[in-house]
Amino acid sequence: MATAMILTMVVLLLLGFPMMIPLIAATMVAFFFYLPIGPEIMVQQMLAGIRPAALIAVPMFILAADIITKGHSADRLIDMVMKFVGHIRGGLGVATAASCTLFGAVSGSTQATVVAIGGPLRPRMLKSGYSDSFTLALIVNASDIAMLIPPSIAMIIYGVISGTSISELFIAGVGPGLLILFLFSAYSIIYARRNNIPTEPKASWGERMAAVGGAVWPLGFPVIVVGGIYGGIFSPTEAASVCVGYALVLELLIFRSLGLSDIIDIAKSTGLITAVVFILVAAGAAFSWVISFEQIPQMILGALGLNEAGPVTVLVAISIAFFIGCMFVDPIVVILVLVPIFAPLVSGLGLDPVLVGVIITLQVAIGSATPPFGCDIFTAIAIFKRPYMDVIRGTPPFIFILLMVSVALIAFPQIALFLRDLAFR
């Protein structure tokens, strides 16, 4: 049965079908030809997959991200960061990485971050003397910090599938996200010094305070998400809804950057994206039920010799599997398919599911920006109208940094768990 399901998926993917079709088709093959139960169970499992209330946060965060991406929030965040670091050698690269991190804390979306931060900062970096390959690689890889900094859609999906606290996942992603920001900033400074990139005029403290004042409203998003959740004011799902309301007030009434017609267009776009995400989640839930029912995860893990492996070996295997998976397939699909496979090992070894979730999210982020088919690469191609090779040429140093963070996270779990333990233990 497993062979037939895999062949069905591979053939349909090679024929160019979107990922939801191979997932559903493979599951239907199992129900119609192999399982001793009726196909109505498949429908039940699909509906069960999208029933958890926590999933309501996904369209809410997507909608909030769309609103602020088309508004003025990104420009104000960029201006604030530039006023503080633009004058140092490599400051523009540091500002790009920092702006991606801040906007990730506002939007929770890597694609939105590529659009909102890459659009205005790429021309400035090119004008300052940075190569296009370095610029594109920095934007694409720094945008992936959005997967780690709350709110993170990838963490929400993982939390729903694994039953892990989304609040704990959110806070645990902050440490690795800030570590990546620091390392990307250090590399940007080294690159700028080696290539003699000029600096920008130093801003006065008056200009800096004015920029901070302009960015106060957008900085309210992470305050709402982090402060609201960990202050016990509302749940992650409620935080998502509050973010939508805050984004509407910000862009419609305070900045006046959008009109009602813009909001209607944004709502349509969000509806389409949400439909795709929820179909994937539903299909993945039914697919996961089938492989669990047939004990395929135990068979796979036994064939790989992981049933008797120790915690470190298992974490390395998880990292490799998710990293490679996201090089070829959409991150949500990889999470939906692979999390149930590794769940028996994680549970049996007593591994902290929050740590596992952060490691998985990091690997998903890395794979999304890694050739040949990382989804963020194609987002950059579409946004910046650059050839494939130009986008990926500068990625190796950044991927190396991200892989080093992965190793550090396995060796020193407190990078992720320190803040979690501080907030919840």
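Predicted model: local features only at pLDDT ≥ 70, side-chain atom pairs only at ≥ 80, totals over all residues.
A residue counts as exposed when its relative accessible area is over 50% and as buried when that area is under 20%. Lysine 385 has a relative accessible area of 66%, so this residue is exposed.

Lysine 385 sits in the loop between helix H20 (375–384) and helix H21 (388–392). Its phi is positive, about 55°, although the residue is not a glycine. A second residue with a positive phi is arginine 256, where the angle is near 55° and the residue is again other than glycine. Arginine 256 belongs to the loop between helix H14 (236–254) and H15. With a relative accessible area of 66%, arginine 256 is exposed too, because the cut-off for that word is over 50%. Another loop, the one between helix H8 (132–143) and helix H9 (153–162), holds proline 151. Here the backbone has a cis peptide bond, which joins proline 150 and proline 151 with omega at about 0°.

Two packed helices are described by the angle between their axes and the distance between the axes. For helix H15 (residues 260–293) and helix H18 (residues 331–349), the axes come within 9 Å and cross at roughly 20°. Because angles under 35 degrees count as roughly parallel, H15 is roughly parallel to H18. The crossing of these two helices is right-handed. On the H15 side, the residues that meet H18 are Val277, Leu280, Val281, Gly284, Phe287, Ser288, Ile291 and Ser292. On the H18 side, their partners are Ile332, Val333, Leu336, Val337, Pro340 and Ile341. By residue class, this contact is made of eleven nonpolar and three polar residues, with no charged ones.

Serine 288 is part of helix H15. Its relative accessible area is 10%, and serine 288 is therefore buried, the limit being under 20%. Once its neighbours within four places in sequence are left aside, serine 288 is in contact with Leu336 and Pro340. Both Leu336 and Pro340 are listed among the H18 residues that meet H15.

The contact of H19 with H22 comprises eleven nonpolar residues, two polar ones and no charged ones.

The cysteines complete the picture. A disulfide requires two cysteine sulfur atoms within 2.5 Å, and by this rule the model has zero disulfides. Cysteine 243 is in no disulfide, as the nearest cysteine sulfur, belonging to cysteine 100, is 19 Å away. Cysteine 243 has a relative accessible area of 1% and is thus buried. Cysteine 326 is likewise buried, with a relative accessible area of 1%.

How values were computed
Residues numbered from 1 in each chain as written. Heavy atoms only, no water. Buried < 20%, exposed > 50% of the residue type's maximum accessible area, 1.4 Å probe, protein only. Axes fitted to C-alpha atoms, helices over the stretch in contact; angles between N-to-C directions. Helix = DSSP H or I, 4+ residues; strand = E, 2+ residues; numbered from the N terminus. Parallel < 35°, antiparallel > 145°, perpendicular 65-115°, else oblique. Left-handed = near helix turned anticlockwise from the far one by under 90°. Contact = heavy atoms within 4.5 Å. Nonpolar A, V, L, I, M, F, W, Y, C, P; charged D, E, K, R; others polar.
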